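Please open the structure in your viewer and keep the selection panel at hand. The tour below goes from one selection to the next and says what is found at each stop.

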Amino acid sequence: MRKKFTILGVSLIALILMLSSIAIVSSGSSGSYYSSEHERRHPPGGMDPGNMTRKIGGFEDRIGSFVSFETIEDGIANHSVFIGEDEHISIFDEISVEDFNRYDERTAGQTHFLNGHGAEFRLFDNPSTMLKLDVHSFEGADREVSFRLGDMEIEEEKDGMVRISDGTYSGNLIYRDVSIPSIPDPIGGDAFGGENAEFINFTVEGRATFIFRMETDGFRDEIVNFMREGMRKGRIGGEFRIESIDDTYAQTSFSYRDLSMEAQLRDGNKLEMLVSSQDEEGTILHLDISSSVMDISSEEDVELRFDDEIATNLEDISDLEVTDEPSYTLIHGEEGTHIFFNVPSFSTHSITVEHLTEVVETAEQFFGSLIYYAPTALITAGLVIVGLLYKERSAKSRKKDKKDKKVSMGESFDKNNDGELKSKSTEKSKDERASRKD
Amino acid sequence: MLLEMIYNLSFAVLTVLALVLSVISILAYRRSKKKKLLFVSIAFILFFLKGIWLTYALFYMPIEGWEPFLIPVAILDCLILVLLYISIVKG
Amino acid sequence: MSGPEIEVENRKKIYQIIEDYPGLHMREIKRRAEMSMNLVRYHLGQLKKYEVVEEVEEGEYKRYYPKEGEMRVDFEDKRYLALLREEIPLNVVVYLLSRSEPASHGEIKDELDIAASTLSYHLKKMREKGLLVKEGREYWISEPEVVSNLLVKYEPPKDVIDEFIDLWESLSLSMIF
């Protein structure tokens with residue numbers, strides 16, 4: 001019996017060891033998932049990008065997913081941006097244009113237009129919280145344009161740009177073709193309508209363009225500067241943004257000069273864009289592609305073409321200039337990819353951004369799982385052995401019981417009979433056996 | 001997930017039990033020397049081989065291409081049952 | 001089961017009755033065994049002869065008792081047991097036990113109705129194991145009482161393997177038809 005169990009036990013252990021080694025070897029060679037992490041820089045205490053990407057902008061009654069505002073006689077008021085659950089910061093308490101006299105207002109997707117007398121507001125509902133204001137004066141008369149700040153304060157002034165911030169969030173107000181603004185100092189904290197109120201006033205002679213943009217991309221300073229300077233100096237001609245949620249795509253384009261941008265997304269990975277301008281001069285375009293549209297993780301993933309010719313990728317953003325060669329720089333933003341593209345000249349050109357889908361080797365999946373298999377095998381083996389041992393033990397005890405029963409029965413009967421007989425016969429048989437053996 | 005668990009548990013039990021029964025039937029054949037039990041032994045050995053094959057498929061064959069690996073299983077099952085049938089019919 | 005096996009089974013049955021109810025007389029044994037008187041008498045005779053049971057006269061009755069003694073299975077006995085599991089050796093032993101004297105090769109051959117060469121082979125094996133002894137040209141059991149006792153009393157515990165054998169034996173078409 002012992003021998004049998006040894007055979008069983010050994011073979012079971014051998015089996016389990018063999019199977020375990022198969023499993024271990026196989027798991028090591030399973031296909032690797034395609035994965036890559038690319039660094040995302042977070043703006044210091046910046047807006048929740050996750051929140052941003054899940055929404056697509058669009059105004060409804062002047063309230064959008066990111067931006068909200070009100071209208072007043074001379075412009076807009078309470079221009080705020082949402083930064084979290086029911087939390088918002090006010091960027092501009094008021095933006096007023098002298099003699100605005102609003103006559104038309106409409107919403108087109110992410111853009112809200114406010115048309116007034118010789119002036120147009122464009123408000124964009126997206127994380128960049130873009131705002132554009134075009135003003136032109138009449139018959140040589142000057143017009144006053146005033147920006148009254150909300151929760152933010154002036155941080156920096158430069159020719160063509162004022163940077164405002166509340167410590168956490170920052171934005172740039174860029175102005176072109178207008179004289180240096182006059183920024184009155186608050187006197188005793190009570191000047192011009194309230195504590196900490198700050199104004200940025202402009203006097204427009206002729207035409208002027210004002211662009212406000214929040215810094216939410218989490219970019220390095222270098223890039224922030226590039227964008228700022230680009231917008232300020234007019235090097236960046238326009239910005240195009242595309243994002244999606246579920247199957248809806250939303251595009252917004254802002255032009256800082258005479259520029260029109262139209263795009264189509266094909267097959268979910270090819271952005272075909274047409275840019276045109278009456279102005280022949282080349283410019284740099286800022287393409288903001290949300291990761292919800294294309295999840296670009298490295299420069300090798302994209303292929304950019306300019307009029308069907310491959311454009312040059314420049315490693316360093318500082319190398320990007322308006323040159324004869326169509327080139328670009330690719331930068332990862334907080335929730336998407338930013339491409340700065342140099343368009344050498346105009347009339348109409350096509351720019352294609354193609355996300356090369358990798359032949360992802362989907363990890364081969366196996367049903368095999370050692371966590372389930374091995375313990376089950378061991379438990380089954382254990383139960384089987386226990387069962388067999390139990391059987392052997394119960395068989396032995398049954399036999400023992402039987403023997404005991406025999407003895408006890410025999411004794412009770414012997415008491416009635418001649419006890420002598422029993423011992424005699426036992427001895428006799430023993431002797432006989434002994435003699436026989438000899 | 002559940003499917004994975006079911007396959008793993010059942011193949012583990014199957015293989016172990018088949019091995020145990022193979023050993024018992026081989027010992028029984030050796031003791032009784034009856035041809036019947038030779039067939040039974042071979043049947044259980046095949047059953048055990050089936051278990052090995054299924055375990056191999058479990059860990060080595062990707063889910064997408066699983067169907068072909070059931071062919072030997074089907075063949076083995078037939079052989080096993082034929083052998084058991086013979087063992088019963090043989091007096 | 002072959003003839004000798006049946007014979008052994010019957011003998012075992014009778015012995016069991018005696019063991020369970022020592023002191024019965026023949027008629028009572030017969031009743032319990034549900035066998036013919038002749039058969040009972042024959043087996044009792046064999047059991048008595050090889051001192052497996054004891055016959056005690058009490059008045060007009062003869063009562064039967066099992067021979068006491070520890071049923072220890074010696075090493076030698078085990079060798080016998082292995083042999084006795086095989087059909088031909090068993091047949092030989094049962095035949096020889098039924099006789100009162102040794103038998104020749106030819107006599108055994110006629111009784112068992114097997115080939116001479118086969119018989120020689122088995123007889124040789126049995127001699128080597130010490131189960132049989134040869135006196136001249138005739139064969140006899142070396143320890144008839146021991147062998148008888150073994151045949152009748154010894155019940156190896158049915159282990160898993162035996163049960164497996166029984167299972168598959170029972171799994172035959174003869175069960176149905």
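Is Val353(A) buried or exposed? Val353(A) is buried, because 27 other C-beta atoms lie within 10 Å; a residue is called buried if 20 or more other C-beta atoms lie within 10 Å of its own, exposed if 12 or fewer, and partly exposed in between, with C-beta atoms placed from the backbone.

Before going further, note that this is a predicted model, in which local features need pLDDT of at least 70 and side-chain atom pairs count only at pLDDT 80 or more, while totals for chains, interfaces and linings use all residues. Residues are numbered from 1 along each chain as its sequence is written, and chains are lettered from A and ligands numbered from 1 in the order in which they are written.

**Around Val353(A)**

Select strand 24 of chain A, residues 348–355, which holds Val353(A); helices (H or I, at least four residues) and strands (E, at least two) are DSSP runs, numbered from the N terminus. Leaving out residues up to four places away in sequence, Val353(A) touches Leu271(A), Leu287(A), Ile289(A), Val302(A), Leu304(A) and Ile339(A), where contact requires C-beta atoms, placed from the backbone, within 7 Å.

**The nonpolar cores**

Val353(A) is also one of the residues with the most contacts inside the largest nonpolar core, which has 76 residues, and Leu173(A) and Phe210(A) are among the others. Such a core is a set of buried Ala, Val, Leu, Ile, Met, Phe, Trp, Tyr and Cys residues joined through C-beta atoms within 7 Å. Strand 13 of chain A, residues 207–215, gives this core its largest share, 5 residues. At least three residues of the core come from each of domain 2 (39–216) and domain 3 (236–359) of chain A, with bounds taken from an automatic or database domain assignment.

Next select Leu173(A), whose contacts beyond four places in sequence include Phe147(A), Met161(A), Phe210(A) and Phe212(A). A second, separate core of 41 residues includes Ile16(A) and Tyr373(A) together with Val20(B) and Val23(B).

**An open sheet**

Now show the open sheet of 6 strands in chain A, whose order is 15-14-18-23-22-21 with mixed pairing; two strands pair if DSSP finds at least two bridges between them. At its edges are strand 15 (248–255) and strand 21 (312–313), each pairing on one side only. Strand 14 of chain A, residues 236–245, runs antiparallel to strand 15 and is joined to it by 8 bridges, and Glu239(A) stands opposite Phe254(A) in strand 15. Helix 3 of chain A, residues 221–232, packs on the sheet and touches strand 14, strand 18 (281–290) and strand 22 (327–332).

**Where the chains meet**

Finally, colour by chain: the contact takes 23 residues from chain B and 23 residues from chain A. On the chain B side, helix 1 (2–32) and helix 2 (35–60) each supply at least two residues, and the largest share, 15 residues, comes from helix 1 of chain B.

Terms used: Contact = placed C-beta atoms within 7 Å. Axes fitted to C-alpha atoms, helices over the stretch in contact; angles between N-to-C directions.
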